[in-house]
Amino acid sequence: MSQKTLAKPEITGYEIPLTKASLKQLAKPTVSFTELTSVGRLNLLRKKQKLEPLYVYSPPQSSSMMRDYCRCERYFFWSIRLGLKPRTWTAISDSKALRIGSIFHDVVEDVSVNDAPPSQLLQRAEQRLQDKMTPEQKDDDESGIWEDFYKSVAMALAYTTKYPVLPKGHRIERVEQLYCVRDLSLGNPLIGQIDMVSRSSGKYYIPDHKTTGDPPAVLAQVLQWDLQPFFYRRIVEISLKKPVFAAIHNLILKTGIKFCPNSHDKKGILSYFYRVQKWYEEKEVEAKITPASSPMVRHMLWFGKGYPSDFEKKLKTCDRALRRSPVLKAFPKTPDMYTCVKFKRECQYAPLCATDEHIPALAEVLHQRYVQINPLSRYADKMPDESK
Ligand code: SF4
């Protein structure tokens with residue numbers, strides 16, 4: 001991201017109160033497109049086959065939508081505008097990295113809010129995981145979910161032993177809150193579930209917790225240019241009508257110590273936690289010689305007055321893309337094949353991209369392999385039914 005920042009913008013906007021009903025309304029699904037658009041042509045075919053028409057969504061913008069848009073515009077079209085998911089898609093992510101990150105995150109948050117002993121934290125974390133797993137995942141011993149689970153809890157305990165979740169003098173203002181705000185410079189609202197907002201000496205901060213396979217100092221540098229902290233800042237500033245001073249990133253290196261699936265009893269779990277703790281202590285000793293290799297880092301990203309100009313530009317471009325006509329060529333494929341096959345995993349939309357020059361073939365692949373899911377559905381369960 002360019003280092004150039006704009007003069008402090010006049011941010012005008014307001015918060016939109018959310019309920020299940022208003023959330024549904026905000027996703028704005030529509031089916032009325034002419035046969036000149038790609039979705040219109042797909043729907044003509046689907047009508048002949050007596051299939052439900054495809055919806056096109058124009059939801060509020062989230063930071064992950066913005067990331068998807070920057071990654072590949074066609075990806076954004078499949079995932080956000082059409083809300084497509086492979087039929088095999090499951091509630092708990094199949095991606096190891098996402099799984100570890102989300103469990104770590106939940107436990108660290110639990111420590112900061114409840115300050116409970118490790119046995120209770122473990123119990124609660126187990127319950128949360130069970131609630132999210134599909135029946136197939138519960139029966140599948142080979143999936144590695146429980147290995148990831150114990151690894152993430154051990155990492156969270158090691159991190160919170162070294163650093164309190166919040167710096168001294170901070171108190172939690174809000175936790176796990178879903179915000180939806182209207183920024184008057186944009187067409188669609190902004191939405192985001194923000195882990196935590198803290199306050200110290202009358203100033204607001206946004207703490208966030210992340211796991212990484214690279215040295216945390218490297219991730220701290222990358223985060224300077226990341227869009228997400230600025231996106232969250234914008235939402236919180238509109239909601240609170242106060243400036244946010246900094247993001248606080250709690251960063252930890254993923255441990256190299258594997259959990260043995262045969263040690264699933266209490267003694268085995270405790271001995272694993274102990275070994276992980278020792279592993280981090282050894283890494284900390286090494287870091288005394290080369291500080292950049294420290295396995296745990298707390299990094300402050302000070303925001304200053306303005307927003308980076310690159311952030312403002314991407315926010316506006318993604319906003320327009322959320323209302324663009326649903327024509328495939330208006331959402332070009334990424335020219336970078338690395339994005340299609342990232343970390344040796346094929347992009348989940350590759351089968352669609354392989355057929356999309358030919359609408360009947362695309363309609364067939366789409367029907368056989370994908371389902372439509374409202375891009376805001378992941379927020380819906382957290383909403384009350386009635387406006388308060
Ligand atoms: S397969 Fe490649 S071009 Fe197609 S959506 Fe995925 S990343 Fe984009």
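This is a predicted model: local features need pLDDT of at least 70, side-chain atom pairs count only at pLDDT 80 or more; totals for chains, interfaces and linings use all residues.
Residues are numbered from 1 along each chain as its sequence is written.

Now step back into α2 itself, residues 38–48, where Ser38, Val39, Leu42 and Asn43 are buried. Buried means 20 or more other C-beta atoms within 10 Å of a residue's own, exposed means 12 or fewer, partly exposed is in between, and C-beta atoms are placed from the backbone. Looking down the axis of α2, the buried residues fall within an arc of 130° (taken from the directions from the helix axis to the C-beta atoms), so they line one face of the helix. Why does that work? An α-helix has 3.6 residues a turn, so residues three or four places apart point the same way. Over on the other side of α2, Lys47 and Lys48 are exposed. The buried residues, meanwhile, pack against α15 (359–369), with contact meaning C-beta atoms, placed from the backbone, within 7 Å.

Next, the ligand. Its surroundings include Cys72, Arg74, Tyr75 and Trp78, counting residues whose C-beta atom, placed from the backbone, lies within 6 Å of it. Helices α4 (73–81), α13 (337–340) and α14 (350–355) each give two or more residues to this shell, and α4 gives the most, with 3.

Definitions and conventions: Helices (H or I, at least four residues) and strands (E, at least two) are DSSP runs, numbered from the N terminus. Two residues are in contact if their C-beta atoms, placed from the backbone, lie within 7 Å.
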